[in-house]
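Subject: Structure handover

Hi,

Here is the structure for you to look over. My notes on what turned up follow below.

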Amino acid sequence: MNFDEKIANAAKKNQTRIILALDLEDPDPQRLASRSRDILWKVKDFICAVKINRQLILTLGLRGIADSVLKVADDYSLPTIMDAKVNDVGHTNGFMARLYFDAGFDGIIASPIAGWDNGLDTVFEIARARERAVLLLTYMSNPGAEAFYSLMATAGKGPVKPVFEILANLATEWKANGVIVGATKPEIITRVRELIGPSLPIYSPGVGVQGGDAKRAVDAGATYLIVGRSIYGATDPAKSAKTIREMVFAS
Ligand code: XMP
């Protein structure tokens, strides 16, 4: 089963399009692995995927992540996304993608700023051969993102437009599996949705602690919500995930 099918199946089964950003921090690897598995177990019925950042790998190692978090996510039929924000030259991007996919990740986040030729071409090639996903940053959720993503620019001889519009078009051209647009910017989500059409998923981080409103983001055109602290930092993570699900996705 490819990534798109896996996440769609999990979303259907759990009636949710929330992706858990599992960003726990703990200097003790065993405790970190066990806390991560515990949160996953608590919220597994209210999410449709898990996103992992590099800080977890710095403590647990790739093998440690694979044997603990990725295995548990797989047992719960939840696909996993590596938030690597890949942004190097082709051969080292390729090493990274291969290592993450071989460890069991179903998708990877990359930055389109690396470009295609000898940049992200290797990542897409490796992902396609394994039916894994590449998600592309299109507009980040932090306030400082505006300085770059809204910059007016031109792609070759094309008209001048904001950088994020150029990136959204590249995602379509490169056949990415999705684009990432901050929930903090619903008007940008709407514009990206206009540009990429109805089918390509928009993944939206920045809900809750960063100020993004889950329902507004989805109403604006986001497909999946990426949520971290508002879930794992809550006194009752399951209740928090369930509340977001019911507020936004309940039919
Ligand atoms: P919180 O705790 O604010 O965490 O819900 C957000 C999660 O999403 C990640 N993040 C992003 N990832 N593009 C990304 O690829 C973004 O614009 C972006 N903004 C936040 C962040 O790393 C954390 O895991």
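Which residue has a side-chain N or O atom 2.7 Å from an oxygen atom of the ligand? It is Arg229. Keep in mind that this is a predicted model.

Ligand site

Ser141 has a side-chain N or O atom 2.5 Å from a ligand nitrogen. Lys85 places a polar side-chain atom 3.2 Å from a nitrogen atom of the ligand. The protein buries 92% of the 510 Å² that the ligand exposes when taken alone.

Salt bridges

The search over the whole structure gave 15 salt bridges. As a general point, side chains of opposite charge can pair when their charged atoms come close.

Start with Lys42 and Asp38. Their closest N and O atoms are 2.9 Å apart. Both residues sit in helix α2, which covers residues 29-43. They are four residues apart, so about one helical turn separates them. Lys42 is partly exposed, at 35% relative accessibility. Asp38 is also partly exposed, at 33%.

Next, Asp102 and Arg130. This salt bridge has an N to O distance of 3.1 Å. Asp102 belongs to helix α4 (residues 90-103), while Arg130 is in the loop between α5 (116-129) and β5 (133-139). The pair therefore ties together parts that lie 28 residues apart in sequence. Asp102 is exposed, with a relative accessible area of 51%. Arg130 is partly exposed at 28%.

Then Glu246 and Arg245. Here the closest N and O atoms are 3.9 Å apart, and the cut-off for a salt bridge is within 4 Å. Glu246 is partly exposed, with 42% relative accessibility. Arg245 counts as buried because its relative accessibility is 16%, and buried means under 20%.

There is also a network of salt bridges. It links Asp26, Arg31 and Arg35.

Aromatic rings

The count comes to eight aromatic pairs. Trp116 takes part in two of the pairs described here. With Phe124, the centres are 5.3 Å apart and the planes are at 45 degrees, a tilted pair. Phe124 is buried, at 2% relative accessibility. Trp116 is partly exposed, with a relative accessible area of 28%.

The partner in the other pair is Trp174. That pair is tilted too, at 5.4 Å centre to centre and 45 degrees between the planes. Trp116 lies in helix α5, and Trp174 lies in the loop between α7 (163-173) and β8 (178-181). So the pair ties together parts that are 58 residues apart in sequence. Trp174 is buried, with 7% relative accessibility.

Elsewhere, ring pairs join Tyr139, Phe148, Tyr149 and Phe164 into a cluster.

One charge over a ring is worth a look as well. The charged end of Lys44 sits over the ring of Tyr76, at 5.5 Å from the ring centre.

Over to you.

Methods:
Residues numbered from 1 in each chain as written. Predicted model: local features only at pLDDT ≥ 70, side-chain atom pairs only at ≥ 80, totals over all residues. Heavy atoms only, no water. Salt bridge = Lys/Arg side-chain N within 4 Å of Asp/Glu carboxyl O. Helix = DSSP H or I, 4+ residues; strand = E, 2+ residues; numbered from the N terminus. Buried < 20%, exposed > 50% of the residue type's maximum accessible area, 1.4 Å probe, protein only. Phe/Tyr/Trp six-rings, centres within 6.5 Å; stacked < 30°, edge-to-face > 60°. Lys NZ or Arg CZ within 6 Å of the ring centre and 35° of its normal. Polar contact = N/O pair within 3.5 Å; in protein donor to acceptor, adjacent residues only side chain to side chain. Areas by Shrake-Rupley, 256 points an atom, 1.4 Å probe, with all protein chains shown as cover.
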